[in-house]
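Here is a brief report on one protein model. It covers salt bridges, the sheet and a surface patch.

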Amino acid sequence: MDQFVQKIGAVRDRAAELQVRASISSSQPKQLIPQALAELETALEELHVAEEEMRVQNEQIVIANTHIQAERQRYQDLFEFAPDGYLVTDGAGIIREINHAAAKLLNAPQDSLIRKPLTNYIELEQRQAFRTQLNQLHYADRLTEWEVRICPRQGATIDVAITVAIIRDHQGRPTILRWLMRNISTRKLAEETLRKVQLQNLQLQENARLKSHFLAIMSHELRTPMNAIVGFSQLLMRQSNPPLAKNQENMVERIFNNGKNLLKLIEDILQAAKIEANSLELVPQEFNLAELITEIKAEYHSLTEQKNLDFKVSLDLTNPIAIIDSDRLRQVLVNLLSNAIKFTDTGGVEIKAWELPLDQIAISISDTGIGIDQNDIKHIFREFHQVNQTITRQHGGTGLGLAISDHLVRLMAGNISVKSKPNRGSTFTITLPRKVGSH
Ligand code: ADP
């Protein structure tokens, strides 16, 4: 453009010069005309070139303008359809532009929000703090993750996280604030739920601790008098002088048997409480597994005899030595064996032991008793679960034995499995590492 103006200026200067020359020239105007025409032609050509240049420049400007328009539209679209809320306010927080998502958050039509103070949409209790923070913005460049609760025109309040960018004029005064608003209600809700669950967990842990503590104390307090009842009733049965009458003997025997059952229940509850509180510790020691099983057989022999049951033991151990907590293993085997005897009326029971690869040992206890229905098998390891209340009531028991055995075997890094058919019998198999901590 400047170039064009220069060119016109140059042509005008030449014309003026020509006029001056004509007025002071002594030659005839006739002679001056061709010269003037030549000058004019040159000037016209120059003008033509300048015009062409200007046309090209104009075209470039039009193209650039179209680009700018397209870019502006693109940014406008991005602003408008962004999933997060975007707002532009002046330094005092008066809304100048607001996108679709932000208007949705404030639950009002976009147009109606223009020229409104943003403060109007902040929850009443937070409004003063918001104003103070807004004034503080004048001293910052940017503020991120500012958590605010907004109250839309209608509907429930919403938690949002705000990021503000501050644009200043050349004197450093904040003139434009660009706001990004993200709805964090779901996150807040999740945080709140998590906090509640954590609190509940703590409470549950505390309850479990108190329960275990209570059970441990109670079991201990009950065990002492029960030991006296069982001990003295046994003494009475064995060496009463003068001898007891038959009906008295029966009564003492019942005191003894019931006392023993109660003692077993107390022991089981105490142990289950210890397992639950994770305070049961194993004491591994070296022992002979074959000897342990033979001892158990000797102990339970009379019981199987009373019920007219066969009692077989088959051991297939090249190395019978194991290093695990033998008392706990005995407890598990005794529990499985007494169940086998308890739930079998004809046939017999059998204990087998053999070796497995990777220095593992397997012990199974089978019976030809009432068996367990497939649907019940998955429940029998649960505490206090008894399959058939009438049968189990006849036989006694707490429903804790298998749960405790399962825990103990798992503490030994082993596992118990069951195979059973109703009226055919059951086989409980334990597999576990020969040495504790070796796997
Ligand atoms: P309980 O003290 O009642 O025997 P357990 O936890 O040892 O408690 O056993 C749970 C239930 O599993 C028993 O009540 C019984 O119903 C079933 N059960 C366990 N062992 C056998 C078995 N060998 N034969 C049939 N049922 C069994």
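## Salt bridges and sheet

Lys264 and Asp268 form a salt bridge, with 2.9 Å between the closest N and O atoms. The model is a predicted one. Both residues sit in helix H7 (residues 246-276), four residues apart, so about one helical turn separates them. Lys264 is partly exposed, at 44% relative accessible area. Asp268 is buried, at 5%.

The whole structure holds 20 salt bridges. Three of them are listed here.

| Pair | N to O distance | Relative accessibility |
|---|---|---|
| Lys264, Asp268 | 2.9 Å | Lys264 44%, Asp268 5% |
| Arg74, Glu71 | 3.3 Å | Arg74 44%, Glu71 36% |
| Arg182, Glu145 | 2.5 Å | Arg182 28%, Glu145 39% |

Arg182 belongs to strand S5 and Glu145 to strand S3, so this pair ties together parts 37 residues apart in sequence. Arg74 and Glu71 are both in helix H2, three residues apart, about one turn of the helix. A network of salt bridges links Glu147, Arg187, Lys188 and Glu191.

The open sheet has five strands, ordered S2-S1-S5-S4-S3, with antiparallel pairing. S2 (95-98) and S3 (142-150) are the edge strands; each has a single partner, so one side of each lacks a neighbour in the sheet. Twist averages 25° from one strand to the next. Nine bridges join S4 (residues 158-168) and S5 (residues 174-183). Thr163 stands opposite Leu180 in S5. Helix H5 (residues 124-136) lies across S3, S4 and S5, at about 165° to S3.

Ile33, Leu37, Leu40 and Leu44 make a nonpolar surface patch of about 410 Å². Leu37 lies in helix H2 (residues 29-81). Leu37 counts as exposed, at 51% relative accessibility.

How values were computed
Residues numbered from 1 in each chain as written. Predicted model: local features only at pLDDT ≥ 70, side-chain atom pairs only at ≥ 80, totals over all residues. Heavy atoms only, no water. Pairing = 2+ DSSP bridges. Helix = DSSP H or I, 4+ residues; strand = E, 2+ residues; numbered from the N terminus. Axes fitted to C-alpha atoms, helices over the stretch in contact; angles between N-to-C directions. Contact = heavy atoms within 4.5 Å. Patch = residues over 30% accessible without salt bridge, like charges linked within 9 Å, V, L, I, M, F, W, Y side chains within 5 Å. Areas by Shrake-Rupley, 256 points an atom, 1.4 Å probe, with all protein chains shown as cover. Salt bridge = Lys/Arg side-chain N within 4 Å of Asp/Glu carboxyl O. Buried < 20%, exposed > 50% of the residue type's maximum accessible area, 1.4 Å probe, protein only.
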